[in-house]
Amino acid sequence: MIVAGCDIGSLTTKVVLFDGKKILASSIIKSKPKPEDGAYEALQQACAIATVNQDTITYCVGTGYGRKRVPFANDTISEISCHTKGAFYLYPNVRTIIDIGGQDCKVISLNTQGEVDRFVTNDKCAAGTGRFLEVMAKVLKVELQELSNMAKKGNEAITLASACTVWAQADVIKYLNEGISKENIALGVCKSMAKRVGVLVNQASIKKDVCITGGVAKNTAVVKELENLLGVTIIKITNVDPQLTGALGAALFAYQKAGGK
Amino acid sequence: MRQALKQYNFDWMLWRTYEAGSRLLAGTKQEYDIALRYIPYFRDPVKEVFKAKAGQLFLQMTATYLDNIVHAHQRGKKTCMTTFCFSPAIVYALDMVPVTLELLTVMMTFLYKRGTGEFLDYCNEAGFTETSCSSQRGSMGALLADIGTPIDMVVTDSPGVCDTNANAFSFFAAYKDLPFFQLNMPPWLVEERVTEYHVQDYKALVAFLEEQSGKKLDIDRLRQILTELQKQDELINELEQFLCYRPLPLPVTTCLFIYAGRFMFAGMPIYTRLLELLVNEGRENVRLHQQGIYTSHEKSRGFFCYIDHYTHSLRLWQMLQELNIGYSGNILSHFWADSNPPVIQNNWEEAAYSIKTGTLEDMLTSIAQINSRMPMIKSIRGPYDSPYMWLQDTLALASMYRADFIVYNGTPGCRNTWGMVKLLAQDTEKAGFPTHIMYADAFDDRVQSWDATRDRFEEFLRVRRLI
């Protein structure tokens, strides 16, 4: 039996194909203005990698902000539940999940059964989300993926005066005009991001083990700063792309709903 | 603001709409069904209100309130702009017409899909900050633009309680160069000096109102209003007993009717009739073992520790009904009379008000005390965890109503509560109430769409295993 999880986020759309034992294939693409198109494209890519026909997919669960727009979904489940499901499957000892997506940041506490105990989300603001890093990368004229490596080369982080993405952007431009190196600016950006997320994590009362999911989990500079700030080791998801955790959780739900155990 | 919106006075439009809505049930069922076809815009809010037996009277009462405003000057009465947390009883006692901004904003946002956006924005054009409270701006914008009944004076009582609220009124008074009076609130509630302060401050208010209205306070009229208020308190006490029952024997809109009615017509017979209707419905449902949510079993019950969400078509109440959630009250629906159930249960008489109608002094003391116990005025004036303040009230009411969870609805625009709500939520969680901070502007869907708000709310209910 093959099932699918499709996670339509604000920046990327992800699909995971699962057969009850392992992930058969996955895909990550940029979200489209028409979410349905993105979902189809991501599914096609994943099916091509797994060399399976879309018709063989028994059940699909949609998740993420665009979950109601997944045309081939049999059911929808929120991203909080799906990230929890996915992270617990990968690391059964995890009790706190920090999920930093493109549009928001969530901290989820879970119990020993892998059920959500509590969650907190950021206030409606781009600071502390993937969008913040994307905006800063654009100002620095680098790819988002390069930001982390650039930050690691920095040795004297700049300070961003404001938590607001728009004002922080203005600060970055000011530092560039002052001739500050991009590396030091990138380091400051990652520290600022970590600080903002740290506030939210502390609100939720952290329980070990802690893991991080979502696209920003791939920015090792932010994760390192967050570890320093919180004084805990954060599990880095290595066996699966951390950005796929929500889609994986959706696929696991799909498997259960289709009658698998 | 669009030119089209300036064609008619906004309060006149509201009055005509509510007036027509209140008469929809006057005909046959068939006529009602046909009428709904012709009012696609207002169909949903009307249907939602009519789910309660008191719905028709509620609409009539709202139409009467608007009629009073629209025709105030024609009838030789002065208009007094004020806030929801100021008891209008004294305004009625001086034969004037209260114009409560938050009520007008809610009336508008209930009805119009576009909401009050253009009026909100007009306030900013006039010089308001964009982060000021939207509950006043939603209707104040229209009055600033002169598309409403002119205001004769401004009275508020929120300084020290809610500064964004107080600033809105002082802004309007300055902008329009109107007489202005503000009652000030000390950060404590129960202390002899505070009681004395409230009474003296209130006497100065009465003098101001007398001067501005050109009328002397009629003692008999004041006594009549206070006696009516006593009657209303007794009815509210009985309703509160019903609201503690599970399943809920009253519609989920009951609390809305209770507080909106009190903000409109405290001490006036029309509000007494509404309460009587609600009490009769409650008694009947209890006798028949029926529940008021008109759906299947009440799955869980919420207490709103601040305000509700008012944007188009009463969607908050629709959602509660769809999910079979009982809703017994919020911080607005509580008025703290000394005969009120939680006051008696907890021996909180010192923090409550009592109504005495003997001498003028008795009456002025009573009405000053009533005002100082208005929602928000009572419990947001001091630190959230001080005696008789927000935390204590929230926990007492949530327990009394047998709530399973607590919800706070607001944005950083609600400065005086937003600044404390995370601490409050930590404490209510510790006390065993799952607590949801619902980030949403109750009067402006542009801040966060209702769909996104509902999504988060439902997620909270699911993950905390409340539904």
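Predicted model: local features only at pLDDT ≥ 70, side-chain atom pairs only at ≥ 80, totals over all residues.
**Entry 1: chain B, helix α13**

I began with helix α13 of chain B, which runs over residues 269–287 and has 19 residues. I checked its length: from first C-alpha to last it reaches 27 Å, close to the 27 Å expected at 1.5 Å a residue.

Next I asked which residues of α13(B) are buried. I listed B:Tyr271, B:Leu274, B:Leu275, B:Leu278, B:Val279, B:Glu281, B:Gly282 and B:Asn285. These residues lie on the same side of α13(B), because they cover an arc of only 160° around the axis. I noted the background for this: an α-helix has 3.6 residues a turn, so residues three or four places apart point the same way.

I then looked at the face turned away from the buried side of α13(B), and found the exposed residues B:Asn280, B:Glu284 and B:Arg287 there.

What covers the buried residues of α13(B)? I found that the cover includes three helices of chain B, namely α4 (55–70), α11 (219–243) and α12 (254–265).

I also looked just past the end of the helix, where B:His289 takes a positive phi of about 55°.

**Entry 2: chain A, the two domains**

I moved to chain A and took its domain assignment, which gives domain 1 as 1–91 + 240–261 and domain 2 as 93–236. Taken over C-alpha atoms, the centres of domain 1 and domain 2 of chain A are separated by 25 Å.

I looked up how many residues each domain puts into the contact: domain 1 of chain A gives 15 residues and domain 2 of chain A gives 23 residues. On the domain 1 side, helix α2 of chain A (residues 79–90) gives the most, with 6 residues. I sorted the residues of that domain 1 side by class and got 7 nonpolar, 8 polar and no charged.

**Entry 3: chain A, helix α2**

Is α2(A) mostly covered or mostly open? I found it mostly covered, with 10 of its 12 residues buried. The buried residues of α2(A) are A:Glu79, A:Ile80, A:Ser81, A:Cys82, A:His83, A:Thr84, A:Lys85, A:Gly86, A:Ala87 and A:Phe88.

**Entry 4: chain B against chain A**

Last, I looked at the contact between the chains, which takes 5 residues from chain B and 8 residues from chain A. By class, I count 2 nonpolar, 1 polar and 2 charged residues on the side of chain B that touches chain A.

Key
Residues numbered from 1 in each chain as written. Chains lettered and ligands numbered in written order. Helix = DSSP H or I, 4+ residues; strand = E, 2+ residues; numbered from the N terminus. Expected span 1.5 Å × (residues − 1). Buried ≥ 20, exposed ≤ 12 C-beta atoms within 10 Å, placed from the backbone. Arc of directions from axis to C-beta. Contact = placed C-beta atoms within 7 Å. Domains from an automatic or database assignment. Nonpolar A, V, L, I, M, F, W, Y, C, P; charged D, E, K, R; others polar.
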